[in-house]
Amino acid sequence: MAAQSTHPRVRFAPSPTGVLHIGGARTALYNWLFAKHEGGELVLRIEDTDRERSTPENVEQILDALRWLELDWDEGPISQAERAEAHEKRLRDLVESGRAYYDTATADDVRAYKEAHDNAGYRGQPAEEGADGAAIRLRVPDEGATVVDDAIRGEVRFENRVLDDFVIARGDGSVLYNFAVAVDDLEMDITDVIRGDDHLSNTPKQLLTIEALGGEPPRYAHLPLLHGPDGKKLSKRHGAASVQELREAGYLPAAIRNYIALLGWGTDDDTTLMSTEELVRRFEIKDVGTSSAIFDEQKLRWINGRFIREMSLDDYTAAVAEFTGREPDEKLRAACAIAQEKAQTLAEVWPLIGFLFTDEPELDEKAWKKVMKDGSDELLGASLEALREVETFDVEPIEEALSGVVENTGAKPGKVFQPIRVAITGTSISPGIFESLAALGRERSIERVERALARLKAS
RNA sequence: GGCCCCGUGGUGUAACGGUUAGCACGCGAGGUUUUCAACCUCGUAGCGCGGGUUCGACUCCCGCCGGGGCUACCA
């Protein structure tokens, strides 16, 4: 096993498909939390031995998503291209030392071999060097076992006799992932690798490669995979499945960090809401669970709402400004002030305050029908009179005036307030009615109520 | 098929040989209330199945079932 280091070098390697999935985000977060908690450094390696997938644009999108999530790294991104020389050299070393050999066997050949040998691992016959299109395979020992000492699952044992001599380089000389990553981990002095469970079965290959190279392997930790609500692997079909989509849906980076940290890891004292600082302080890789989890957006919504309500007005205004592409000016700040308690996500804010930023709010006919009943015209008329007489158009005087209407008419508060709400916002859902009126201002409030009244009388 | 991992309410988790199986989201009811939220109270629902081991098993062992991963000259 790797030597204990007081200064861990942790590497993580998101797939550069252009989309940072929730699972990938969680892996990145755990790597980040681990590195911070242990006081080590985080190395970002791009898994781009597949050149078709990892276009520069895709890579940049992944980096963007990570930056937005506020997960920074100390070194990298390291790309395949800049490591090519090292890979070739190690490859040559292995062939020269006899630990790897040229082989022309096809996938069918390998299958046939296994069938003939009771599912034993494939063992090839070395071909002439440079034989046409020959790939290079690593020689796997026949005896013993390759054991992964996993920080989360404990020892996982793979019998060498069932492991194939696997291909480490293609016929054209280019190297394969399991070889490349093993060489990089070794040469870059990586001490800890935290990644998805789907790599557990690949780990013996990497272990064997490092062993053949005469190096010490890093410590591994394999995270259980994430699934969608149907228990299948999480994908776009399950709604928001990527960090980019979560961002568009109006979630806060800190809330996402809190939520996905809890997907597979929990505290011993039932704490749910945690600042990132607290996450860093409490995160222990050994406490990560072993069973796969299902991404549940409802709980994320709840956590996000809690984070929103705890933000300062300035931070909140800035977040809303960024999300809506507006200036975080006084006007927006005032609007945010009356809506902060109401929204679970940033996306829900604008529908609540948009009426303040338009001359004529869009009217929700359904809401109008539901609210404007018999007698609404009289109550609205009375409210209009009361509003006209308010001296200072602030929350308290407005409340006083409208409460007077409720008292004088003996109507239920809702009968008085809802028509006003629809009149000034166009909908039946809005921030507090007094706050909304005050924010809209005298002129516009009165004008809108007049307009509604006219429409009411006309019908 | 072979190899490997996993299995506590609908969801995320805690307890890990002895508790009325805890917490949170959700859901339901009530309260508060100018709408919607928020907030408060109460409630709902769980150890996949079958064998062992043990005085005692959610916890340990075995089998089964279920889910997932790998099994590429993909990553």
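I am working from a predicted model. I looked up how helix H8 (residues 253-261) sits against helix H10 (residues 297-310): the two pack at an angle of about 135°, and their axes are 9 Å apart. I therefore put H8 down as oblique to H10. The crossing of H8 past H10 is right-handed. For the contact itself, I noted Ala 254, Ala 255, Asn 258 and Tyr 259 on the H8 side, meeting Lys 299, Leu 300, Ile 303, Asn 304 and Phe 307 of H10. Sorted by class, this contact has six nonpolar, two polar and one charged residues.

I found 93 residues in the largest nonpolar core, where Leu 29 and Ile 194 have the most contacts inside it. Helix H1 (residues 22-38) gives the most to this core, nine residues. I then listed the contacts of Ile 194, leaving aside neighbours within four places in sequence: Val 10, Phe 12, Thr 27, Tyr 30, Asn 31, Phe 34, Ala 221, Leu 223 and Ile 285. A second core, separate and of 23 residues, includes Tyr 102, Leu 138, Phe 179 and Leu 208.

I located Ala 100 in strand S4 (residues 100-103). Is Ala 100 buried or exposed? I count Ala 100 as buried, because it has 25 C-beta neighbours inside 10 Å and the cut-off is 20 or more. Beyond four places in sequence, Ala 100 is in contact with Leu 94, Val 95, Ile 136, Arg 137, Leu 138, Arg 139 and Ile 168. Last, I checked Ala 100 against Met 311, 211 residues apart along the chain: their C-alpha atoms are separated by 58 Å.

Definitions and conventions: Residues are numbered from 1 along each chain as its sequence is written. Chains are lettered from A and ligands numbered from 1 in the order in which they are written. This is a predicted model: local features need pLDDT of at least 70, side-chain atom pairs count only at pLDDT 80 or more; totals for chains, interfaces and linings use all residues. Axes are lines fitted to C-alpha atoms, for helices over the stretch in contact, and angles run from 0 to 180 degrees between N-to-C directions. Helices (H or I, at least four residues) and strands (E, at least two) are DSSP runs, numbered from the N terminus. Angles under 35 degrees count as roughly parallel, over 145 as roughly antiparallel, 65 to 115 as roughly perpendicular and the rest as oblique. A crossing is left-handed if the near helix is turned anticlockwise from the far one by less than a right angle, and right-handed if clockwise. Two residues are in contact if their C-beta atoms, placed from the backbone, lie within 7 Å. Ala, Val, Leu, Ile, Met, Phe, Trp, Tyr, Cys and Pro count as nonpolar, Asp, Glu, Lys and Arg as charged, and the others, Gly among them, as polar. A nonpolar core is a set of buried Ala, Val, Leu, Ile, Met, Phe, Trp, Tyr and Cys residues joined through C-beta atoms within 7 Å. A residue is buried if 20 or more other C-beta atoms lie within 10 Å of its own, exposed if 12 or fewer, and partly exposed in between; C-beta atoms are placed from the backbone.
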